[in-house]
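Student: I have a model open and would like to check each label against its cut-off. Could you take me through it?

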Amino acid sequence: MTQKLVVIGAGMASGRVLEHLFEEAPGAFEVTLFNAEPRGNYNRIMLSPVLSGEKTYEEIVTHDDAWYAEHGVACRFGEPVLGVDRARKVVVTEKGETPYDKLLIGTGSAPFIIPVPGKDLPGVITYRDLDDTNAMIEAAAQPGAQAVVIGGGLLGLEAAAGLRLRGMEVTVLHLMPHLMERQLDPAAGYLLRKELEDRGISIRCKANTHEIVGDGKVEAVRLDDGTEIPADIVVMAVGIRPDKRIAEAAGLASGRGIHVDDAMVTSDPDILAVGECVEHRGACYGLVAPLYDMARVAARTLAGDAAAYAGSVTSTKLKVTGVDLFSAGDFAEGEDREEIVLRDAARNVYKRLVIRDDRIIGVVMYGDTADGNWFFGQMKDGADISAMRETLIFGPAYAGGTPLDPMAAVAALPDDAEICGCNGVCKKQIVTAIDGGATTLEAVRGRTKASGSCGTCTGLVEQLLAVTLGDAFEMPAAKPVCACTDLTHEDVRRLIKARELKSMPAVMQECGWKTSCGCHVCRPALNYYLLADWPDEYADDPQSRFINERRHANIQKDGTFSVVPRMFGGITTPSELRAIADAAEKYAVPTVKVTGGQRIDLLGVKREDLPAIWADLTEAGMVSGHAYAKGLRTVKTCVGTDHCRFGTQDSTGLGIAIEKRMWGSWTPHKVKMAVSGCPRNCAEATCKDVGVICVDSGFEIGVAGAAGMDVKATELLAKSPDADETIEIICAFVQLYRENAKYLDRPYKWVAKVGLDWVRARVVDDLESRAALVARFDHSQRVFQKDPWAERADPGTRKAYRPIADLTLEAAE
Amino acid sequence: MTDWIDIGALAEIPVRGARVVKTRAGCVAVFRTAEDEVFALDDRCPHKGGPLSDGIVHGASVTCPLHNWVIALTDGKAQGADEGMVATYPARVEGGRVLIDAALLRADRAA
Ligand code: SRM
Ligand SMILES: Cc1cc2nc3c(=O)[nH]c(=O)nc-3n(C[C@H](O)[C@H](O)[C@H](O)COP(=O)(O)OP(=O)(O)OC[C@H]3O[C@@H](n4cnc5c(N)ncnc54)[C@H](O)[C@@H]3O)c2cc1C
Ligand code: SF4
Ligand code: FES
C-alpha cells in the first residue's frame, strides 16, 4: 500500500533521503516535496564555485525536473510550509492543506544576523542560497564596487575569495584574533591570512562591527573603534542556526535543533527530521558528511528497516582554488597532549598533529593537504601510532625517508582509508565499484557518490582508478571540451590527426558537434589544434580567436588596447626607444609601462589607431611582441658574460637566438622563457615554461616551471655543453607540447600529465625523434613567423579596425 | 514605419563577426552570423560595458570579450545565469547591403 510522504525542504539532506528511499523501497511512498526556494535540490556546497565563476548553476543541480518526474515526486517549489497540524496530519501552506502519513523535515538552517543597527538595510546579504549568490554576483558587476564580509569562517572566506575574483575590493571583518579559529590553529590561520591578503583581500581580525551605516542602502560599516569601511554590499556570514521554527510551532521536542533519536525520528513517531535542522545526542552539524549519514538512516527507518545513526566526526576543507587547508578533531594545546609539527617556510607548508595517549586527536594542515584523509582515518579509528611516530608527520607515502609518487601513495592506503569525506566513502568501496565495472570517474561517482559533493577528492578517486585499472584508465579526467560536444580535448586532437580533419566544419561534422558553429570555448581550441596540426592546409580563422589574438593587441577594461613591441632578450637601442617615445606621443598613449617581461607596454591605444601605431613601430624595425598570444611571449635574459663578473656563458646572446627562432609560434597556452648566466639566476629562469641556467660546463635546460596562478620550479630536462644543441632541444620540447597538449594547458600542466620521462625520451634521448620535432617546428615557423603588425599596416586591412559607418556626421548635416 | 539607412556592404562585415557604427547615441555593433543574418545592438555589454563587437559570434549569440557573458543577438538578453539586456535595433540585408533603422540617427541620448 502506498503511503503519503510529505517532505519540508528540498535540501541536500532530504534529497539524499529520497535517493536512498527510491532505491530501497521503490513505490512505497507517494512524495510531495515543498521547498521555500523556488527550485529543487542543488549542491549548495558548490555555490562558492558559482560565486567565483568557476561553475554555473546548471552544473550544480542535483535533481532536475526529469528526476522528480521519474520518481513521481509532486514538486511544490517556492511554496514554504507555514505550519504542521499533527492532530489532523496535514501540513499547511498558503495554497491550503496537504495530508501526510509520514512527514520528513529537512529545513536546514538559517544564517545568523548580528543585531546591529542597519542590519536590515538593502545591500546586507547572507550567504545561504542561489539568490544570495546571484545578489553578490550582481553587486560585483558594478565597476569599482566594494564589499565587506563580516565573518572570517568557512563561508565568509569563500564569499570573500569569490567576490575578489569577480574584481571587487573586499574587506573581511573577523571578531576573533585569527581566521577560521574553530578549524585552524593560529599558525595555519596566519598562513591563510597571508595567502588571502596576497590576493588583495584586506583582513581585519578582532574587528567588532558597531553599525552598518547608509541612507536607504548600505554605504559603510562602522567598527567599535570608529573606523568606517565603505561598502556597496555587506555579506553577513557569522554563523548558522538550525531552522526549527516549523517543528517548534508544531510542538515537537527541540533544543538547539529538532530533537531526533538514533532512527532520526522526532518526538512524534510519524515525523522524521534530517540535516542541519536537527539536534542528535546534543550535537548539531553544519557540514554534509554527517547529513548524508543521517539520510541513510532516515531512509531505512521510512522503509521500515532498523538503522541507527551514531553521530559523526567531521573534517573541514576550504573550497578556495589554490588554498589547501585541512582540519579535523581537537587541536587545542593541553597538558596531556603532545604535538608533531612540520613547517616548510619556503613552500608555505604547515602540518600539525595533536596526539594524546599515542593516538591522533587533532589534525591541522596548510599548504599540502594530500595526507589529510589518511591522518583523519587514523584519528577516527583511534589507531595506535607509537610504532610509526618518527615518520608519522610525513604521511603514509614515506618509507624510510624517500617520498613515493602520488600513485604509490594511493596504492599504499589501507582499504578503510576515507577518500571522500563528504560522503564517507572509503578506498575499499571505490575499488569494489571499479572492479564491478565502474571504470570512469562518473561511474564511480554514480555508484559510490565519492567526489560528488565538494569535489576536492576527485584527484584521489582518479588515482584509485589508475592504480586499479592500470593502463586501461586514461588519467586526465574525461571532461568534454564544452557543451557543444561530448568529446574531450584529447579525443578531438586524436580525431583531427587520425581522420585528417583539416577545417572547422569538417571537425564539427565528423565529431558530431551539437551546435551549428560551436561556441567561444570550443572554437578557439579547434582553431589552435587545426593550425598546429595542418600548418600548410588550414587557414587560420580570426573569428574563432579571442579578441586579443584577433586584434593582435590586449583589450583593456575600457575597450582600448595595449601595444607591446618585441625586445629580443630584453635588449633595446636608443633608436628603438626613440621610436616608441615618438609613437607614444603621436597617439597620445596615456600610460607607458615597463612590463614584467623586459619590454615596454603602451597602454590605452584606441582601436582605430592600432594599425597606424604599428606601422610607425614597424618602420622603426620592430615586430609585435605577441603579448596577447597563446604563443611565445618573451625570453628574459640577464647580462651574462658581456658584463657580469659571474657570467659563465653568453646568456643574452642565447636568449636572443631562442627568441629569434621561436617568435610567432602558436602554442596551446602562452610560453615564456628565460636564460640566466649563472645559478644566481637573475633572469628568473627557474620558474619559466622553459628556463636555461648557464654553468661553466654548458647549459642546464629546465622546463615546466610556473609563476602565475601556481608557482613551481622548473624540472631539469637536459644538460648540454653546446648552445646550438640547447636551442634544438628547446624547439623539440615546444613542438612536442604544441602537438600534444590540451588547449589552455601551460607546459607544467601538460608535463604533469604525460610525465617528464616521456618528454625526455622524445626530445633528449631519441635523436631521430628530436630532429623530426625540430623539423616540424621549423616548417610551421615558415608559415607562422610573420609579423602580424606589418601585415595589418596596409590600408585595406586597416579598415577593419574602423567603424563601418559614422552616422554622427550625417546626422549633423 | 521604419525608415532604413544603408550603412555599408554585407561583405565588409566578417562572417561570425561585427563592425561598429558610430551614432550620436553611442556605438552600435552590427553583427553578421554564419547564416548571413545581421543584428544591430548597442556596443556595450550589460555587465561592465565591454565592446560586444569584439566578441566571438556563435549561432545567434555573441560572447563578450571581457568576461564571457553570452548575449543573444535576437533580443539583446544575457543568457544563462547572467541577467542584463542590451538595446537592439532593426537591421536587415537587401541586395548585399546592410540597412539599419534610421531612427538611430535621430536618437539623441547622451553618447
Ligand atoms: C603587461 C603585463 C603586466 C605588467 O605590467 O608587467 C601582463 C599583463 C597581463 N597578463 Fe600577465 N602580464 C605580464 C607578465 C606576467 C608574468 C611575469 C612574466 O612574464 O615574467 C606572469 C607570471 C608568469 C606566467 O606567465 O605564468 C603573468 C601571469 C599571467 C597569467 C597567469 C598565467 C598562468 O598560467 O597562471 C594570466 C592569465 C592567463 O594568461 O590566463 C595573465 C594575463 C594577463 C593579461 C593578458 C590579462 C588579460 O587577459 O587581459 C594582462 C593584460 C593587461 C592589459 O591590460 O594589457 N598573466 N603575467 C606583463 C606583460 C609581460 C610581457 O612583456 O609580455
Ligand atoms: C556557500 C556554502 C558553502 C558550503 N560549503 C560546504 C562544504 O564545503 N562542505 C560541507 O560539508 N558543507 C558545506 N556547506 C554546508 C552544507 O551546504 C549544508 O550543511 C547542507 O546544505 C545542509 O543540508 P540540509 O538539507 O540540512 O539543508 P539545506 O540544504 O539548507 O536545505 C534546506 C531547504 O529547506 C528549505 N526550507 C526551509 N524552511 C522551509 C519551509 N518552511 N518550507 C519549505 N522549505 C523550507 C530551504 O529553502 C532549503 O532549500 C556549505 C554551505 C554554504 C551555504
Ligand atoms: S596585469 Fe596581470 S596581475 Fe595585473 S591585474 Fe591584469 S592580469 Fe592581474
Ligand atoms: S563587460 Fe561583458 S562580460 Fe563583463
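Student: Why is Ser451(A) called buried?

Tutor: Buried means under 20% relative accessible area, exposed means over 50%, and partly exposed lies in between, with a 1.4 Å probe and protein chains only. Ser451(A) has a relative accessible area of 4%, so it counts as buried. Before we go on, some ground rules: this is a predicted model, in which local features need pLDDT of at least 70 and side-chain atom pairs count only at pLDDT 80 or more, while totals for chains, interfaces and linings use all residues. Residues are numbered from 1 along each chain as its sequence is written, chains are lettered from A and ligands numbered from 1 in the order in which they are written, and side-chain values use heavy atoms, leaving out hydrogens and water.

Student: Where is Ser451(A) placed, and which residues does it touch?

Tutor: Look in the loop between helix 12 (441-448) and helix 13 (458-469) of chain A. Helices here are DSSP runs of H or I with at least four residues, strands are runs of E with at least two, and both are numbered from the N terminus. A contact means heavy atoms within 4.5 Å. Not counting residues up to four places away in sequence, Ser451(A) touches Cys420(A), Leu441(A), Arg445(A), Cys457(A), Thr458(A) and Val461(A).

Student: What makes the pair Ser451(A) and Arg445(A) a polar contact?

Tutor: A polar contact is a pair of N or O atoms within 3.5 Å; within protein, one must be able to donate a hydrogen and the other to accept it, and residues adjacent in sequence count only if both atoms are side-chain atoms. The side chains of Ser451(A) and Arg445(A) are joined at 2.9 Å, so the pair falls within the limit.

Student: How do you know that ligand 1 lies between two domains?

Tutor: Domain 5 (547-629) and domain 6 (635-784) of chain A both give residues to the shell around ligand 1, so the ligand lies between them. The domain bounds come from an automatic or database domain assignment. A residue is near a molecule if one of its heavy atoms lies within 4 Å of it. There are 20 residues around ligand 1, and Thr595(A), Gly596(A), Arg599(A), Lys670(A) and Met709(A) come nearest.

Student: Which side-chain and backbone atoms come within polar range of ligand 1?

Tutor: Among them, an N or O atom in the side chain of Arg599(A) is 2.7 Å from an oxygen atom of ligand 1. A polar side-chain atom of Arg746(A) is 3.0 Å from a ligand 1 oxygen, and a backbone N or O atom of Gly708(A) is 3.4 Å from one.

Student: And how many residues surround ligand 2?

Tutor: The number is 30, with Ala13(A), Arg128(A), Glu276(A), Val288(A) and Lys319(A) the closest. Oxygen atoms of ligand 2 are found 3.1 Å from a polar backbone atom of Met12(A) and 3.0 Å from a polar side-chain atom of Asn35(A). A nitrogen atom of ligand 2 lies 2.9 Å from a backbone N or O atom of Ala36(A).

Student: What makes phi of His626(A) and of Ala704(A) worth a look?

Tutor: Both residues are other than glycine and have a positive phi: near 50 degrees for His626(A) and near 65 degrees for Ala704(A). His626(A) is in the loop between helix 19 (610-619) and strand 34 (632-637) of chain A, and Ala704(A) is in the loop between strand 37 (698-703) and strand 38 (706-707).

Student: Why is Trp534(A) called buried?

Tutor: Its relative accessible area is 13%, so Trp534(A) is under the cut-off and counts as buried. Leaving aside neighbours within four places in sequence, Trp534(A) is in contact with Ile496(A), Lys497(A), Glu500(A), Leu501(A) and Lys502(A). Trp534(A) is in the loop between helix 16 (522-533) and helix 17 (547-551) of chain A.

Student: What makes a set of residues a nonpolar core, and which residues touch the most other members in the largest one?

Tutor: A nonpolar core is a set of buried Ala, Val, Leu, Ile, Met, Phe, Trp, Tyr and Cys residues joined through side-chain atoms within 4.5 Å. In the largest core, of 87 residues, those touching the most other members are Met136(A), Leu163(A), Met168(A), Leu192(A), Ile233(A), Leu392(A) and Ile430(A). Strand 25 (residues 359-366) of chain A gives the most to this core, with 6 residues. A second, separate core of 68 residues includes Ile496(A), Ala525(A), Val563(A) and Leu73(B).
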